[in-house]
Amino acid sequence: MTRIGQGYDVHRLAEGRKLILGGVEIPYERGLLGHSDADVLTHAVMDALLGAAALGDIGCHFPDSDPAYAGADSLALLDQVMQLLHAEGWQVENVDATILAQRPKLAPYLGGMADHLAAHMGVELGQVNVKATTEEGLGFTGSGEGMAAYAVCLLTKE
Ligand code: MG
């Protein structure tokens, strides 16, 4: 059996926050604001995985009203998502994700993000792709108000 999933997430950029994408800390004057570490890429990937398995979304598994998830490392949450998937016999076939950000230049960090995501999903690097694009100065990512991420995945089980 094969199932497709998609995920989408947005976080606002704010002063005094670390910028963490795919578990990589990126030097920048601002970071993403959120209850957890606000790793918008990992959040989109988790929602794609949960969606493909028909297991809801990260909001229901890790509510931002729960103090347990304050400042949470999103890769640790991805580990929990993988436990849920494995408990139901799902394996990740591939993940493809796109970050929408005007600045900073993310190209030097994309490989590191894919490394982290692959390691935490227990798959080979060749099964994970992370891309980044600007939106040509348009909209909330273009103005630097925030960043967004899309992800799709395929899951398989016997
Ligand atoms: Mg989020």
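Is Arg-103 buried, partly exposed or exposed, and what is its relative accessibility? At 45% relative accessibility, Arg-103 counts as partly exposed. Buried means under 20% relative accessible area, exposed over 50%, and partly exposed lies in between (1.4 Å probe, protein chains only).

Notes on the basis: this is a predicted model, in which local features need pLDDT of at least 70, side-chain atom pairs count only at pLDDT 80 or more, and totals for chains, interfaces and linings use all residues. Residues are numbered from 1 along each chain as its sequence is written, and side-chain values use heavy atoms, with hydrogens and water left out.

1. Metal site. Three residues coordinate the magnesium ion: Asp-9 through OD, His-11 through NE2 and His-43 through ND1. The distances run from 2.1 to 2.2 Å. Donors are N, O and S atoms within 2.8 Å of the metal (3.2 Å for Na, K and Ca). Water is not among the atoms, so sites may look incomplete.

2. Spacing of the donors. In sequence the pattern reads D-x1-H-x31-H. Asp-9 sits in strand E1 (residues 2-15) and His-43 in helix H1 (residues 40-52), so this pair links parts of the chain 34 residues apart. Helices (H or I, at least four residues) and strands (E, at least two) are DSSP runs, numbered from the N terminus. Asp-9 is buried, at 15% relative accessible area. His-43 is buried too, at 6%.

3. Salt bridges. The count is three. The rule asks for a side-chain nitrogen of Lys or Arg within 4 Å of a carboxyl oxygen of Asp or Glu.

4. Arg-103 with Glu-29. Their closest N and O atoms are 3.4 Å apart. Both residues lie in loops: Arg-103 between strand E5 (91-100) and helix H4 (110-121), Glu-29 between strand E3 (24-26) and strand E4 (30-32). They are 74 residues apart. Glu-29 is exposed, with a relative accessible area of 51%.

5. Arg-12 with Glu-145. This salt bridge has an N to O distance of 3.9 Å. Arg-12 is in strand E1, while Glu-145 is in the loop between helix H5 (139-142) and strand E7 (146-156). The two are 133 residues apart. Glu-145 is partly exposed, at 43%.

6. Lys-131 with Asp-96. Here the N to O distance is 2.6 Å. Lys-131 belongs to strand E6 (residues 128-133) and Asp-96 to strand E5, 35 residues apart. Lys-131 is partly exposed at 31%. Asp-96 is partly exposed at 27%.

7. Nonpolar core. The largest core has 50 residues. Leu-21, Leu-49 and Met-121 have the most contacts inside it. Such a core is a set of buried Ala, Val, Leu, Ile, Met, Phe, Trp, Tyr and Cys residues joined through side-chain atoms within 4.5 Å. Elements that each supply at least two residues include strand E2 (19-21), helix H3 (74-87) and H4. H1 gives the most, with nine residues.

8. Around Leu-21. Beyond residues up to four places away in sequence, Leu-21 touches Ile-26, Leu-32, Ile-99, Leu-106, Met-113 and Met-147, among others. Contact means heavy atoms within 4.5 Å.

9. H3 against H4. The two axes come within 9 Å and cross at roughly 35°. On the H3 side the contact is made by Leu-75, Leu-78, Asp-79 and Met-82. H4 contributes His-116, Leu-117, His-120 and Met-121. Axes are lines fitted to C-alpha atoms, for helices over the stretch in contact, and angles run from 0 to 180 degrees between N-to-C directions.
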